Each structure stands twice: as C-alpha cells, then as structure tokens.
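Let's take a friendly walk through this structure, with the sequence and the model side by side.

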Amino acid sequence: MPELLRLDRLLLGRYPEFSRSRIEGLVKAGFVTVNGAVAEKAGMKVSDDDEIELEIPPPVPAIPEPEEIPLDILFEDDDIVVLNKAPGMVVHPAPGHFTGTLVNALLWHCPGLGGIGGVARPGIVHRLDQYTSGVMVAAKTQKAMEGLVKAFSSHTAVEKTYLAVCRGAPRLASGRIENLIGRHPVDRKRMAIVEKGGKRAVTNWRVVKAEGGISVIECAIETGRTHQIRVHMASLGCPVIGDSVYGKSALDKRIVPAPARQMLHAWKLKLWHPTENRQMEFVAPVPDDMKVYL
C-alpha cells in the first residue's frame with residue numbers, strides 16, 4: 001500500500017522554493033487539485049500515486065493601474081467619495097482579478113489617490129463581496145483615511161443597513177443575532193458560527209416583506225465580519241437567494257427569474273464626515289436585478 005503523506009509536506013518536497021505558508025495559501029485559494037478535485041485542506045492525506053496539480057497564479061501587480069471604468073458616484077468632496085458599487089465588481093486587485101476593480105476605477109477618477117492608505121488598496125476603508133452591490137465610501141486624503149478607519153473600527157460611529165432577499169421567512173418579525181464568526185472548521189473557504197476562536201458578530205434584522213416563499217429582510221449590522229449577513233441569514237434557515245456558498249442553489253434555480261447573484265445590497269450608510277463635524281447618510285438605490293423580488 002502506498003505511503004500516505006500530508007499534502008503540504010509532499011508539495012514542499014516538490015517545490016522547495018515555496019514556504020509552508022505559501023503552500024497553505026495556494027491550497028486555501030483553490031490552486032491545488034488532487035485527482036482532479038480541489039484539495040480540501042493543506043493537511044489532507046495523499047500518496048505518490050495520487051495525481052496532484054499545483055497552479056501557480058501570476059503575481060499581483062505591486063501598484064494597481066488606473067482604468068477608465070464608470071462609477072456611480074453618490075457624493076464627493078475633497079476628502080471622500082461615496083459610490084454605489086455595481087454587483088460583480090471586485091473591490092481591490094487579488095489573484096484572478098488584477099484589473100477591472102473598484103481600486104482601478106478610483107485611481108482613474110481620483111488621480112491623486114495613489115498611496116492613500118497603502119499602494120495596493122488606495123482609499124479603501126471597507127469592502128463588499130464581489131456580488132454584493134451598494135454604498136461604499138473611499139478616502140481621498142490621508143487624514144480622511146485615518147478618520148474613516150478609526151470610525152469603522154469602532155463599530156459604533158458608523159451605521160450600515162443592508163437589504164437581503166432570502167428564501168423562506170423567519171418565525172419572528174424581527175430579532176438580533178449575536179455570536180462569533182470564524183473560519184469553517186472543515187471548509188476553509190467558508191465562514192461559520194463558532195464556539196471559540198471567532199470574532200463577535202452582531203446583526204439586527206427585521207422582515208420588510210414576506211410572500212411566495214421569499215422574504216425581504218433589512219439587516220442593520222453592528223460589526224462587519226466576512227460574509228456576516230450571509231452566514232446569519234443562513235442560520236435563521238433563510239439563506240440569501242443566489243448565494244452559491246451558504247444558500248440552496250438547486251432550489252434557487254426554480255425561482256422566476258432565477259437569481260444571477262446573491263441578492264444582498266448595502267442599502268444605507270450613515271457616518272460622521274472624517275474632517276468635518278457633521279453626520280451624513282447615503283442611500284444606494286436598489287439595483288434592477290433585485291427589484292424584481294421586492
């Protein structure tokens with residue numbers, strides 16, 4: 001019987017130029033397959049008889065390039081720009097998405113943005129998932145960047161409200177979810193509610209509309225954990241429709257029209273202007289592909 005080895009150790013033997021953390025990162029990002037299937041984790045057991053393939057992604061450009069990409073600007077002054085991010089747009093360059101990102105568009109729109117908050121993600125204070133639409137704010141000056149980062153980190157100086165179109169309906173009309181969210185213990189590409197080792201996540205929700213097996217839920221989040229609303233709605237038994245990770249894709253295909261993405265929209269954002277003593281609120285109109293379910 002062939003000897004079983006840990007996948008990461010086998011790959012380290014084959015690719016001595018890579019560190020263990022680099023190998024683990026490639027596995028987590030889905031660049032390693034075992035017998036044609038994406039490797040589950042770096043520590044999985046394999047043998048020399050297994051067909052193992054490692055795809056080495058091209059390096060991320062050190063400095064993103066400006067690109068003339070249209071932006072839906074909600075507000076702009078000398079310090080900040082508030083926009084309605086289109087669904088499908090990636091916020092900043094990453095493996096597989098080196099161009100066409102919000103950062104590339106902002107660099108074109110704001111020529112002096114480069115280096116604000118770092119060269120890789122200039123101006124970026126917070127993020128939305130690729131297929132989540134809605135309101136975002138970016139900093140145009142270092143002073144604004146510092147003020148916004150402090151506000152978002154406080155979890156009290158910023159109010160974020162989302163609209164989610166979900167399958168089914170909760171038993172109650174409203175509620176509050178507070179728990180810990182961390183990496184899924186088995187599938188490292190997913191997030192999950194965990195007993196320990198996660199970060200505090202709070203979502204206040206209320207049902208806006210429920211009919212025909214679909215509900216529209218308003219989610220006011222006090223924290224901004226990765227995939228927070230998607231995980232919390234799934235925990236209610238009402239996953240966001242179109243969510244291929246936490247939802248029910250097979251059932252979503254029966255909906256007319258079938259959702260082409262996760263129906264999650266960053267609807268409202270209330271914050272204090274980072275350089276002026278005034279509170280501001282911005283509302284991003286609900287996109288057409290989501291309106292059909294409202």
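## Cysteines

In this predicted model, the sulfur of cysteine 219 has its closest cysteine sulfur in cysteine 166, 6.4 Å away, which is too far for a bond. A disulfide is a covalent bond between the sulfur atoms of two cysteines. With a cut-off of 2.5 Å between the sulfur atoms, the count comes to zero disulfides. Cysteine 166 is likewise in no disulfide, and the nearest cysteine sulfur to its own is that of cysteine 238, 6.3 Å away.

Are these two cysteines buried or exposed? Cysteine 166 has a relative accessibility of 0% and counts as buried. Cysteine 219 is buried too, with a relative accessible area of 0%.

## Helix α5

Next, have a look at helix α5, which covers residues 228–235 and has six of its eight residues buried. Those buried residues are Gln228, Ile229, Arg230, Val231, His232 and Met233. What covers them includes strands β9 (158–167), β10 (174–183), β11 (191–194), β12 (199–211), β13 (214–221) and β14 (264–272).

Just after α5 comes glycine 237, with a positive phi of about 85°.

## The second largest pocket

Now turn to the second largest pocket, which holds about 230 Å³ of space. It is lined by 14 residues, and Ala39, Glu40, Lys41, Val186 and Arg188 are the closest to its centre.

Which helix gives the most to this lining? That is α2 (residues 20–28), with three residues. Sorted by class, the lining has nine charged residues, four nonpolar and one polar.

Note on methods. Residues numbered from 1 in each chain as written. Predicted model: local features only at pLDDT ≥ 70, side-chain atom pairs only at ≥ 80, totals over all residues. Heavy atoms only, no water. Buried < 20%, exposed > 50% of the residue type's maximum accessible area, 1.4 Å probe, protein only. Helix = DSSP H or I, 4+ residues; strand = E, 2+ residues; numbered from the N terminus. Contact = heavy atoms within 4.5 Å. 1 Å grid on protein atoms, 1.4 Å probe; cavity = no way out; pocket = protein on both sides within 12 Å on 5 of 7 lines; lining within 4 Å. Points joined across faces, edges and corners; volume = space filled by probe spheres on them. Nonpolar A, V, L, I, M, F, W, Y, C, P; charged D, E, K, R; others polar.
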